[in-house]
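Biologist: Thanks for sitting down with me. Could you show me the model, and then we can go through it together?

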Amino acid sequence: MQVPFTWKPTGWFAVGFSAEFPIGEVRPLEYFGQHLVAYRTEEGKLNVLDAHCLHLGAHLGHHGKVNGDCVECPYHGWGWGSDGENKYIPYEDKPNVSKKLRSWPVDERHEWVFVWHDPKGGPPRWELPDVWNWPDHMPSDQGDYYRAYPELSIKYEREPVHPQISLENAADTEHFHYVHDATVHPTLMEWKADLFYESRAGWPKRSRTDRSDGMALINNGLSCGVGGSYSVFEGNWHYRLAFFTTPVDDETSDMFYSIWWPREPGDDAPVPSPAILQRIRERYLQTLSDDLEIWRYQIYIETPAFAQRDARPYGALRKWARQFYEIEPVA
Amino acid sequence: VPDDIRERVVKQYIQTLWDDLEIWRHQVYVETPSFAKQDAKPYGALRKWAKQFYEIPPEA
């Protein structure tokens, strides 16, 4: 997919679900064209470093081991700490601290793992919002919801889709009818572009006799940078979802999608009943594969022929998104 | 070769190459490694010696 901006945007990006990184395990990752290693210490802290040992370049994520705060290289046993420094060389009395591996800032929240990516290597410049603390008028608690992983989560790997494409879904209400077979057209009610892009889209009440402008369902959307967004539904349904897209290289991305479904009062099971679970999966989790069937073959149009109602919110979203593209695209 | 000897040779010697390969497949070449003290001289000498066999420049 050709896009007029970099595949190396700045911000917080999803790299997996927390449960995919058990204590004491080491895993290779690949994002932003870089090889990474993730490892969780016995204390439960998840660390992400550049993958290749600075000694002779072995990949720490293939057969490396966790040792205390360090990941130990499978080639010569050198230990690298969570700050990226060499902490020991097993056959010498001093570590070699002449060079450091890049240590990627990690944020784990609501069963997900995020890393901060800045193409120039700078530290995080803002905090990632939390799916439970947003929006202000609907604070909630994780305990009020069933778990999202693994039953109500999905990951698509190496799809030919730039994060800007999935981001623009936030301004797009009309596609629900055509892509997702929604019977009622939602309306974009408000939007605001600041550090984050916030929007409210409503599905009008179905009854024609109801003359109020009441909405049956409102989708509160929060795009947390170009990396992804949260949606909190208000009205007839109260579920929450997160959808993030993370570039793997300059052509493909991994996509992560979770749904948190409100817990039945008094139910302390981790997941909804099988019948409800199946319905959520079919009606809501499935929608991403419908979108992907469009996005996989889409091209990016810099100057779209807009419908009247789309022009302003799309324009605002595209203008807002530019702040996260700090480097030039690869020619 | 008797089976028991063959099995031992494979396990003790041939297996070592597969172990190495598991490293090499994912390795990158580091031009200026952080060496351990004991490594710096022999590695340096080996890399310098090997240069004579690379007579043409790499393709870009």
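Modeller: Happy to, and please keep in mind that this is a predicted model. Let me start with Thr252(A): leaving out residues up to four places away in sequence, Thr252(A) touches Trp7(A), Arg158(A), Glu159(A), Pro160(A) and Pro247(A).

Biologist: Is Thr252(A) buried or exposed?

Modeller: Thr252(A) sits in the loop between strand S17 (240-247) and strand S18 (253-260) of chain A. Its relative accessibility is 13%, and the cut-off for buried is under 20%. Therefore Thr252(A) counts as buried.

Biologist: What distance separates the C-alpha atoms of Thr252(A) and Gly33(A)?

Modeller: These two residues are 219 residues apart along the chain.

Biologist: Let's turn to Arg200(A). Is Arg200(A) buried or exposed?

Modeller: Arg200(A) lies in strand S14 (residues 197-204) of chain A. Beyond four places in sequence, the residues it touches include His137(A), Thr187(A), Met189(A) and Ile218(A). The relative accessible area of Arg200(A) is 18%, and the cut-off is under 20%, so Arg200(A) is buried.

Biologist: Which side chain makes a polar contact of 2.8 Å with the side chain of Arg200(A)?

Modeller: Two side-chain partners are worth looking at here. Glu234(A) makes a polar contact with the side chain of Arg200(A) at 3.2 Å. The contact of 2.8 Å joins Arg200(A) to the side chain of Asn220(A).

Biologist: How many residues does the largest nonpolar core have?

Modeller: The residues with the most contacts inside that core are Trp112(A), Tyr230(A) and Ile259(A). Away from its sequence neighbours within four places, Trp112(A) is in contact with residues including Ala14(A), Phe17(A), Phe243(A), Phe256(A) and Trp260(A). Apart from this core lies another, of 16 residues, with Val37(A), Leu54(A), Ala58(A) and Ile89(A) among them. The largest core has 74 residues.

Biologist: Now the backbone. Which residue is joined to Pro150(A) by a cis peptide bond?

Modeller: Pro150(A) is in the loop between S11 and S12 of chain A. Pro135(A) is found in the loop between strand S11 (112-117) and strand S12 (153-159), and a cis bond with omega of about -10° joins it to Trp134(A). For Pro150(A), omega is about 0° and the partner is Tyr149(A).

Biologist: Is Glu111(A), with its positive phi, buried or exposed?

Modeller: Glu111(A) is in the loop between strand S10 (106-109) and S11 of chain A, and its phi is near 70°. His63(A) also has a positive phi, of about 80°, and at 46% relative accessibility His63(A) counts as partly exposed. For Glu111(A) the relative accessible area is 19%, and the cut-off is under 20%, so Glu111(A) is buried.

Biologist: Last stop, the two chains. What area is buried between chain A and chain B?

Modeller: The contact takes 20 residues from chain A and 17 residues from chain B. In chain A, Leu56(A), Tyr75(A) and Glu92(A) lose the most area to chain B, together 32% of what that side buries. Carbon and sulfur atoms give 51% of the total, and the buried area is about 1,600 Å².

Biologist: And how many salt bridges cross that interface?

Modeller: On the side of chain A that touches chain B, there are nine nonpolar, eight polar and three charged residues. Between the chains, 12 residue pairs are in polar contact. As for salt bridges across the interface, the rule finds zero.

Definitions and conventions:
Residues are numbered from 1 along each chain as its sequence is written. Chains are lettered from A and ligands numbered from 1 in the order in which they are written. Side-chain values use heavy atoms; hydrogens and water are left out. Contact means heavy atoms within 4.5 Å. Buried area is the accessible area (1.4 Å probe) that two parts lose on being put together, summed over both. A salt bridge is a side-chain nitrogen of Lys or Arg within 4 Å of a carboxyl oxygen of Asp or Glu. A polar contact is a pair of N or O atoms within 3.5 Å; within protein, one must be able to donate a hydrogen and the other to accept it, and residues adjacent in sequence count only if both atoms are side-chain atoms. Ala, Val, Leu, Ile, Met, Phe, Trp, Tyr, Cys and Pro count as nonpolar, Asp, Glu, Lys and Arg as charged, and the others, Gly among them, as polar. Helices (H or I, at least four residues) and strands (E, at least two) are DSSP runs, numbered from the N terminus. Buried means under 20% relative accessible area, exposed over 50%, partly exposed in between (1.4 Å probe, protein chains only). A nonpolar core is a set of buried Ala, Val, Leu, Ile, Met, Phe, Trp, Tyr and Cys residues joined through side-chain atoms within 4.5 Å.
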